[in-house]
Amino acid sequence: MKTALIELKSGTYKIRGLDVDLAGMKFPLIEHYKEGKNGAYVTVDGAAQPGFPERSIRIRINSPQDYAIVDSDFNEQKQQQARREARNEETDQQIMDRIGKKFGILDEMTRAAKEGNIKAMIVSGPPGVGKSYGVEQQLEKDSLFDDVSNVQRKYEVVKGAMSAIGLYAKLYKYSDAKSVVVFDDCDSVLLDDLSLNILKAALDTSKKRYISWNTDSRLLRSEGIPDRFEFKGSAIFITNIKFENVRSKKLRDHLEALESRCHYVDLTIDSEREKMLRIKQIVRDGMLDDYDMPQERKDDIIEFIDENRKRLRELSLRTVLKIADLAKSFPSSWREYASTTVMKST
């Protein structure tokens, strides 16, 4: 898709309550100058610049002369290149702040789902960056009162494959208001039409969401599950799939059907540098606090991962924990063991 790249001569955008001067910055144009009840603006793609929302944003300007087109043939390839270049200009701290802000939003959205204010959310990002951990930690924190009161927790994290009838039964179990079902790496349901239709009904945006099972089932009867019920709970779908990169038309259509019904949180941790900084961020926040080892050894683990990140089988938080286990078990030789167990053969 072709668009135009504009450079702002003057303009502001509100970030955290402050009007930020954007003079000299470049953005892909989405919609030309318009006047609204709150003043004039131009609509651009915020994802082109670090620190801005990854969606269309309105930049306040005074007149059409406040920006100029610098590339009238700014296609998708150029847009992606511009985003990469913009990210390369970020400092480590800026990247960590950006990632931290995304995970902060994820925490707040998870809390809102637990309160019943958010009905459905998709969380997308690469494996091993803390998607599931963040969601589960927030739900656990919000369920402490249930634990103290000896009341069954009103959420469950479902992992792995699931049949359509299993999905129906699970949604019924957590159909009450302020209940949450988290589907973690359950991408197989996206490839099954019956499961997908059940999921779409659960994630629908209508005020009342009814889910039906229209064929006879001995299993449902034996469990006392009706063939139709109202789903008042919330659902969170955690996936490693980056929706815009899917090529299969069938899967892409299924994902678009889900995306239209859900809030979509793309954690945008794609490069080695971003993954490494995310690891440093989480370790700094106490990921290894439960390990009985000196701080110097924890620092050595992160240094080892950073130096060998291109040779690791996976650059992720899981790898950090694997190496920490080795460092605890074999204090003097953990590097040798790690070279064998978590690194690719050369």
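This is a predicted model: local features need pLDDT of at least 70, side-chain atom pairs count only at pLDDT 80 or more; totals for chains, interfaces and linings use all residues.
At what angle do helix 2 and helix 9 pack, and how far apart are their axes?

The protein chain has twelve helices and 14 strands. Its C-alpha atoms fill a box of roughly 70 × 60 × 40 Å along the principal axes. Of its 346 residues, 44% count as buried. Take the contacts between residues at least 6 apart in sequence: 66% of them join residues at least 24 apart.

Back to the opening question. Helix 2 and helix 9 pack at about 70°, and their axes are 10 Å apart. Angles from 65 to 115 degrees count as roughly perpendicular, so these two helices are roughly perpendicular to each other. Who makes the contact? On the helix 2 side, Asp92, Ile95, Met96, Arg98, Ile99, Gly100 and Phe103. On the helix 9 side, Arg273, Glu274, Leu277, Arg278, Lys280, Gln281 and Arg284.

Now helix 2 by itself. It runs over residues 92-114, 23 residues in total. From first C-alpha to last, helix 2 reaches 33 Å, close to the 33 Å expected. Its buried residues are Ile95, Met96, Arg98, Ile99, Lys102, Phe103, Leu106, Met109, Thr110, Ala112, Ala113 and Lys114. Keep the general rule in mind as you look at that list. An α-helix has 3.6 residues a turn, so residues three or four places apart point the same way. Just after helix 2 comes Gly116, with a positive phi of about 85°.

Helix 2 has another packing partner, helix 3, residues 131-142. Here the angle is about 45° and the axes are 9 Å apart. That makes helix 2 oblique to helix 3. The crossing is right-handed. From helix 2, the residues involved are Phe103, Leu106, Asp107, Thr110, Arg111 and Lys114. They meet Lys131, Gly134, Val135, Gln138, Leu139 and Asp142 of helix 3.

Helix 3 has twelve residues. Its span is 17 Å from first C-alpha to last, close to the 16 Å expected. Which residues of helix 3 are buried? Lys131, Ser132, Gly134, Val135, Gln138 and Leu139. The cover over them includes helix 2, strand 8, strand 9, strand 10 and strand 13.

Next, the cores. The largest nonpolar core has 34 residues. Those with the most contacts inside it are Tyr168, Leu171, Phe183, Leu190, Ile198, Leu199 and Ile211. Several elements give two or more residues to this core: strand 8, helix 5, strand 10, helix 6, strand 13 and helix 8. Helix 5 supplies the largest share, five residues.

Look at Tyr168. Set aside its neighbours within four places in sequence. Tyr168 is then in contact with Ile198, Ile211, Ser212, Trp213, Leu220, Ile225, Pro226, Asp227, Arg228 and Phe229. There is also a second, separate core of 24 residues. Among its members are Met276, Val283, Ala324 and Val342.

On to Lys275, in helix 9, residues 272-284. Buried or partly exposed? Lys275 is partly exposed, because its relative accessible area is 22% and buried means under 20%. Lys275 touches Pro126, Ile269, Asp270 and Leu315, not counting residues up to four places away in sequence. Its C-alpha atom is 22 Å from that of Arg55, 220 residues apart along the chain.

Last item: backbone angles. Most residues other than glycine have a negative phi. Two residues here to check. Lys178 is not a glycine, yet its phi is positive, about 65°. Lys178 sits in the loop between helix 5 and strand 10. Its relative accessibility is 42%, so Lys178 counts as partly exposed. Asp185 also has a positive phi, near 60°. Its place is the loop between strand 10 and helix 6. At 45% relative accessibility, Asp185 counts as partly exposed.

To recap the packing. Helix 2 is roughly perpendicular to helix 9. Helix 2 is oblique to helix 3. That's it from me.

Key
Residues are numbered from 1 along each chain as its sequence is written. Side-chain values use heavy atoms; hydrogens and water are left out. Helices (H or I, at least four residues) and strands (E, at least two) are DSSP runs, numbered from the N terminus. The expected span of a helix is 1.5 Å times one less than its number of residues. Buried means under 20% relative accessible area, exposed over 50%, partly exposed in between (1.4 Å probe, protein chains only). A nonpolar core is a set of buried Ala, Val, Leu, Ile, Met, Phe, Trp, Tyr and Cys residues joined through side-chain atoms within 4.5 Å. Contact means heavy atoms within 4.5 Å. Axes are lines fitted to C-alpha atoms, for helices over the stretch in contact, and angles run from 0 to 180 degrees between N-to-C directions. Angles under 35 degrees count as roughly parallel, over 145 as roughly antiparallel, 65 to 115 as roughly perpendicular and the rest as oblique. A crossing is left-handed if the near helix is turned anticlockwise from the far one by less than a right angle, and right-handed if clockwise.
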